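Trainee: Could you take one part of this model, the strand pairing, and go through it closely with me? Carry on into whatever surrounds it, please.

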Amino acid sequence: MALSNSQKKTPRKKTDAITRAAGMLGLKRREVEEAIAIAAAVVQMELTLHGRVRIKRLGSFSVKQRAARMGRHPVSGEPLPIPARAHVQFRPAKQLIDVVD
């Protein structure tokens, strides 16, 4: 599906995407919103349980660990410990990269 230049440059909102998907699928907006919420919950659950989720033609989400490190207070310059923590990483699929380019 090709987009015009004006569509590519205009920032999109979640509601725009939901409206477009509802029109393409012939569903109500509420049904599409519920499906998106369920998909997000499933991705969150899979990341919590398995640490990685791959969605064909979209990409993969994975949980990575950031090591503990020393930072600095921006005003006083005093060293502060920053604890280790997990973060979610997204790697787009080749198909998604090709569409965007």
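Mentor: Two strands pair if DSSP finds at least two bridges between them. The strands themselves (E, at least two residues) and the helices (H or I, at least four) are DSSP runs, numbered from the N terminus. Keep in mind that this is a predicted model, where local features need pLDDT of at least 70 and side-chain atom pairs count only at pLDDT 80 or more, while totals for chains, interfaces and linings use all residues. Residues are numbered from 1 along each chain as its sequence is written, and side-chain values use heavy atoms, with hydrogens and water left out.

Now the pairing. Strand S3, residues 69-72, runs antiparallel to strand S4, residues 79-82, and four bridges join them. Take Arg69: its bridge partner in S4 is Ile82. Met70, in turn, is bridged to Pro81 of S4. The two strands make a hairpin with six residues between them, and Gly77 in that turn has a positive phi of about 80 degrees.

Most residues other than glycine have a negative phi. With that in mind, look at Arg57, which is not a glycine and yet has a positive phi of about 65 degrees. Arg57 sits in the loop between strand S1 (52-55) and S2. Its relative accessibility is 65%, so Arg57 counts as exposed; the classes are buried under 20% relative accessible area, exposed over 50% and partly exposed in between, using a 1.4 Å probe and protein chains only.

Apart from its neighbours within four places in sequence, Ser60 is in contact (heavy atoms within 4.5 Å) with Arg52, Val53, Arg54, Gln89, Phe90 and Arg91. Not counting residues up to four places away in sequence, Ser62 touches Leu47, Gly51, Arg52, His87, Val88 and Gln89. Both lists include Arg52 and Gln89.

In a regular strand the side chains alternate between the two faces of the sheet. Phe61 is in S2, which spans residues 59-66, and it pairs with Phe90 of strand S5 (residues 85-92), a link between distant parts of the chain, 29 residues apart. Rings of Phe, Tyr and Trp (its six-membered ring) pair if their centres lie within 6.5 Å; planes under 30 degrees apart are stacked, over 60 edge-to-face, and the rest tilted. The structure holds one aromatic pair. Here the ring centres of Phe61 and Phe90 are 4.9 Å apart and the planes meet at 45 degrees, so the pair is tilted. As for solvent, Phe90 has 36% relative accessibility and therefore counts as partly exposed.

Next come the helices. In H3, residues 29-50, you'll find Met45, which is partly exposed with a relative accessible area of 45%. Arg30 is another H3 residue, exposed at 63% relative accessibility. Its C-alpha is 8.7 Å from that of Ile18, 12 residues away in sequence.

Last stop: salt bridges, meaning a side-chain nitrogen of Lys or Arg within 4 Å of a carboxyl oxygen of Asp or Glu. A search of the whole structure turns up one. The side chains of Lys94 and Asp98 meet there, 2.9 Å from N to O. Both residues lie in helix H4 (residues 94-100), four residues apart, about one turn of the helix. Lys94 is exposed at 59% relative accessibility, whereas Asp98, at 47%, is partly exposed.
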